[in-house]
Amino acid sequence: KEAVVNTFTTLKNKIKPEEEMIRSFTANCSDAEAPATVKFSVQTAKNVAGIRIVDDNNNELYSALYTDEMALSGDVMVNSNALIWMPSCVIEEEYTGGFTVYAIRKDGSTDEGTPTAEQVTIAPKAEEALPMQGFTTSAESGDIPAEVTFPVTTSAEVSAVRVVDQYESPI
């Protein structure tokens, strides 16, 4: 019985081969550190009902069923024999790894999944420097008027510093 089934399956696939559900899958990230936007491009057969994208930790990043509104909004391009999906997501934390896309069939089941060929590396979020990082005074003892210096350490975003006395008068 099994031999007959295998023979008919082979014959069917020669007459009308099964169409690949996922034809291509890429992930691109132009940001070097978190939070980073990852843009996906997925080309599927036209008979695919939707797609689901997960990371290497199996966290779902995107899942959608195809609607005509997606084509109107430009989220999915439709050509004569394929759908081209262009979803994106924001990854908030450090991540190094790939992604896998699953085609969702019309019955709700998914295929075995197609991984990306390349990994994406997103560095951890950079620590934000405090605007004012240090302030000291140094008075030279001696004759009046005395010379007082004010070494100030700031972040790169600070463009000017104003030093005042206890009466808010500039020094």
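Guide: Buried means under 20% relative accessible area. This is a predicted model, and that cut-off is applied to its residues below.

Visitor: Why is Thr44 called buried?

Guide: Thr44 has a relative accessible area of 0%. Buried needs a value under 20%, so Thr44 is buried.

Visitor: Where is Thr44, and what does its side chain make a polar contact with?

Guide: Thr44 is in strand β2. Its side chain makes a polar contact with the side chain of Trp85, at 3.1 Å.

Visitor: What makes that a polar contact?

Guide: The cut-off for a pair of N or O atoms is 3.5 Å. The Thr44–Trp85 pair is at 3.1 Å. Leaving aside neighbours within four places in sequence, Thr44 is also in contact with residues including Met21, Ile22, Ile51 and Leu83.

Visitor: How many aromatic pairs does the structure hold?

Guide: It holds four aromatic pairs. A pair of aromatic rings is described by the distance of the centres and the angle of the planes.

Visitor: Why is the pair of Phe25 and Phe40 called stacked?

Guide: The ring centres are 6.0 Å apart and the planes are at 20°. Pairing needs centres within 6.5 Å, and stacked needs planes under 30 degrees apart. Both conditions hold, so Phe25 and Phe40 are a stacked pair. The pair links distant parts of the chain: Phe25 is in strand β1 and Phe40 in strand β2, 15 residues apart.

Visitor: How do you know whether Phe25 and Phe40 are buried or exposed?

Guide: Phe25 has 8% relative accessibility, and Phe40 has 4%. The limit for buried is under 20%, so Phe25 counts as buried, and so does Phe40.

Visitor: What makes Tyr95 and Phe99 a tilted pair?

Guide: Their ring centres are 5.5 Å apart, with planes at 35°. An angle of 35° falls in the rest, so the pair is tilted. Tyr95 is buried at 8%, and Phe99 is buried at 1%. Phe25, Phe40, Tyr95 and Phe99 form one aromatic cluster.

Visitor: Why is Cys29 called partly exposed?

Guide: Cys29 has 24% relative accessibility. Cys89, at 11%, is buried.

Definitions and conventions
Residues are numbered from 1 along each chain as its sequence is written. This is a predicted model: local features need pLDDT of at least 70, side-chain atom pairs count only at pLDDT 80 or more; totals for chains, interfaces and linings use all residues. Side-chain values use heavy atoms; hydrogens and water are left out. Buried means under 20% relative accessible area, exposed over 50%, partly exposed in between (1.4 Å probe, protein chains only). Rings of Phe, Tyr and Trp (its six-membered ring) pair if their centres lie within 6.5 Å; planes under 30 degrees apart count as stacked, over 60 as edge-to-face and the rest as tilted. Helices (H or I, at least four residues) and strands (E, at least two) are DSSP runs, numbered from the N terminus. A polar contact is a pair of N or O atoms within 3.5 Å; within protein, one must be able to donate a hydrogen and the other to accept it, and residues adjacent in sequence count only if both atoms are side-chain atoms. Contact means heavy atoms within 4.5 Å.
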